[in-house]
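Please keep the sequence and the model in view while reading.

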Amino acid sequence: MSLLEVSDLSKRFGGVVAVDSCSLSVPAGTITGLIGPNGSGKTTVFNLVTGFIAPDGGEVHFKARSLAGMGPDRIYALGIGRTFQLARIFPRLTALENMLVPVRRAGLKALLSRGEWGHEKERAMEMLAFMDISQVAGTLGGALSYGQRKLLELAAVMMAGPELVLLDEPAGGVNPALLERIAERIRELNRQGTTFLLVEHNMGFVMNLCHEVVVLHQGHAIAKGNPREVRENPAVLDAYLGT
Amino acid sequence: MSGTPTIAIRAGRVRALKGLGLVVVGILALILPLIAPDPATTGMAVFTVMYVGLASAWNIMGGYTGYISLGHAAFFGFGAYSFGLLLNHLSVAPGYLPFVLVPVAGLLTAVLAVGIGWVALRTRAATFVIVTIAFMFMLQLLGENLVKLTGGGAGLALPYSHDWGGDFFNVPYYYAMLVLAVLALVISWSIRRSKFGLGLLAIRDDEDKALAVGVPTRSFKLTAFVISAVLVGMIGAVYGYYVTYLYPQFAFDPLIGISMVLMAFLGGLGTVSGPVIGALLLEPAQMEFAYRFGASRLYLVFYSAVFLIVILLLPRGIVPSLADLVHRWRRGAAGPTTTARGSREAVKAASP
């Protein structure tokens, strides 16, 4: 079984069907891209998988365990991290404090857990150095550039050592040099064992980085395969170009 | 980096200065009834220390999580009434023994706070503010209408010690309030330095993002709410014992709830020392106003003016604004990009 299995997932907002019987799987150790035209339901799938919204139908399994009824905090504790479309960090906390916020344990255990500050700070500084932003460790999140925020968000998500990370448009709004750095860091983290599922509009970024690509159209997964197969799939061309 | 040791030395000096200041303030607080024993001063001190405790306790919820409760007077009044009823029903002799029972009032307040928090924390932002005010007025109405239990508008009498008279009367209450204020401060300080506290600050900044990185926001918020309420309830209990007579409109007084919020705002929300400074500035000033202008509520005009000035000139409060000034002065450059605290932590973390 794959690390993440999404089966017949559906979500409707009033009269709009955002996700329609969507099924996809993310094998462990891969970087999987989730692409599709605007409004095809990609971010909604992310929100459903990470527990931010409840599905109307269908199921999500992570390591063969159902995530039904779980909130985002429990899902994170199980090993699924995520980033947001517009980089979200804690603006009134320093970059280092941003790194120390993630909680590994769920519920009451999280409340009672004593922060292993020494160890955690050391790991946080290592991760900031890995992202090349250790020089801003003491800077407030709100004073960071957008690119630094993107890197900090990814670094912070990695603090609890998630097995699967969902990246919502990691290349959105960043310059080409930073784009390459982000891609390189994702590749490196993947080599170290983290599985990625990413939503992205930058096709060059997706095709270079991803091992597999799933295409969503009108809330439904219409194609899956390696980047080359997907690029040449007539159904995909039809969905994107309307031909 | 040659700058790092310099920053570390400066940070060390600031820490030493803060420590020295704390020791001086602590000694002054301890010996105050000895150096200024007149009842007018000790009476003012009782209320000032009470508000130090109240503002610090409120700050644990309002300052750290950003959930502004304007209804904390509900816990203050509940603590006072539950303590009064406890003393009356158990026929506890007045004197020092009742002080030992103050934590019982805290426990009872905890039960109430779990119930109110369970409901109120399903809301956010302005709705939360309104829900907390609504609960406060509900308790005030219950205090007025459950006449057999609370005495209603006729009030509830608490026992008081006839042995404590003259200059000494205020002293036991002053020290009881001081103990609770220190307790609130120590708890606030410990939370601020803990993983739990960092989670609360993350909730303040972006609650959904906090959820996404595993912060169990509901249990964190409820815990902060209950801790804050218990402290306020215990302070309310000592207040009740001090004033010896409780009336619903004074025990569940919205102005008490607003005062603790204003003090925390003035000093600096989410900082440990901010609410203390806010209380030390506002409460004596308010009492001076009351003294000069009689029992009129003219001090409310003063409160409004202070609130306006704070919002317009010091929207982040005294402590964060001063910290920025000091930081800029130390760096010799404009632009509050980092906090001294942040620099210090980064240095600490980077050190082996």
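The sections below treat the sheets of chain A, some of its individual residues, and then the helices of chain B.

## Basis of the report

The structure is a predicted model. Every value quoted here has therefore to be read as a property of a predicted model.

## The four-stranded sheet of chain A

Strands of a sheet are held in pairs by backbone hydrogen bonds, and the pairing is either parallel or antiparallel. In chain A, 4 strands form an open sheet in the order S2-S1-S4-S5, with antiparallel pairing. Its edge strands are S2 (16–26) and S5 (65–66) of chain A, each of which pairs on one side only.

Within this sheet, strand S1 (residues 4–13) of chain A is joined by 5 bridges to strand S4 (residues 57–62) of chain A, and the two run antiparallel. Glu5(A) has His61(A) in S4(A) as its bridge partner.

## The six-stranded sheet of chain A

A further open sheet consists of 6 strands of chain A in the order S6-S7-S8-S3-S9-S10, and here the pairing is mixed. The edge strands, each pairing on one side only, are S6 (80–82) and S10 of chain A. From one strand to the next, the twist averages 20°. Helix H1 (residues 42–49) of chain A packs on the sheet and touches strand S3 (31–35), S6, S7, S8 and S9 of chain A. The direction of H1(A) makes about 145° with that of S7(A).

Two pairs of strands illustrate the mixed pairing of this sheet. Strand S7 (residues 164–168) of chain A and strand S8 (residues 195–199) of chain A run parallel and are joined by 5 bridges; Leu167(A) stands opposite Leu198(A) in S8(A). Strand S9 (residues 212–217) of chain A and strand S10 (residues 220–225) of chain A, in turn, run antiparallel, with 5 bridges joining them. Val215(A) has Ala223(A) in S10(A) as its bridge partner. S9(A) and S10(A) form a hairpin with 2 residues between the strands, in which Gln218(A) takes a positive phi near 50°.

## Residues of chain A with positive phi

Ser21(A) is not a glycine, yet it has a positive phi of about 45°. Ser21(A) is found in strand S2 of chain A.

Ala64(A), which is not a glycine either, has a positive phi of about 65°. Ala64(A) is found in the loop between S4 and S5 of chain A. With 9 C-beta neighbours inside 10 Å, Ala64(A) counts as exposed.

## Chain B as a whole

Chain B has 17 helices and 2 strands. Its C-alpha atoms fill a box of roughly 70 × 50 × 40 Å along the principal axes. A compact globule of 352 residues would have a radius of gyration near 20 Å, and the 21 Å of chain B agrees with this.

Of the 352 residues in chain B, 46% are buried. Among contacts in chain B between residues at least 6 apart in sequence, 80% join residues at least 24 apart.

## Packing of helices in chain B

Two packed helices are described by the angle between their axes and by the distance between the axes. Helix H3 (residues 73–89) of chain B packs against helix H5 (residues 102–120) of chain B at an angle of about 130°, with the axes 9 Å apart. H3(B) and H5(B) are therefore oblique to each other, and H3(B) passes H5(B) in a right-handed crossing. Residues making the contact include Phe75(B), Phe78(B) and Gly79(B) of H3(B) and Val104(B), Ala105(B) and Leu108(B) of H5(B). Pro103(B) lies in helix H5 of chain B and is partly exposed, with 13 other C-beta atoms within 10 Å. Pro103(B) and Val230(B) are 127 residues apart in sequence, while their C-alpha atoms are 8.6 Å apart in space.

How are H3(B) and H6(B) oriented, roughly parallel or roughly antiparallel? The axes of H3(B) and helix H6 (residues 125–145) of chain B come within 8 Å and cross at roughly 30°, which makes H3(B) roughly parallel to H6(B). Among the residues in this contact are Ala73(B), Gly77(B) and Tyr81(B) of H3(B) and Phe135(B), Leu139(B) and Gly143(B) of H6(B).

Methods. Residues numbered from 1 in each chain as written. Chains lettered and ligands numbered in written order. Predicted model: local features only at pLDDT ≥ 70, side-chain atom pairs only at ≥ 80, totals over all residues. Pairing = 2+ DSSP bridges. Rg over C-alpha atoms; globule rule 2.2 N^0.38 Å. Buried ≥ 20, exposed ≤ 12 C-beta atoms within 10 Å, placed from the backbone. Contact = placed C-beta atoms within 7 Å. Axes fitted to C-alpha atoms, helices over the stretch in contact; angles between N-to-C directions. Parallel < 35°, antiparallel > 145°, perpendicular 65-115°, else oblique. Left-handed = near helix turned anticlockwise from the far one by under 90°.
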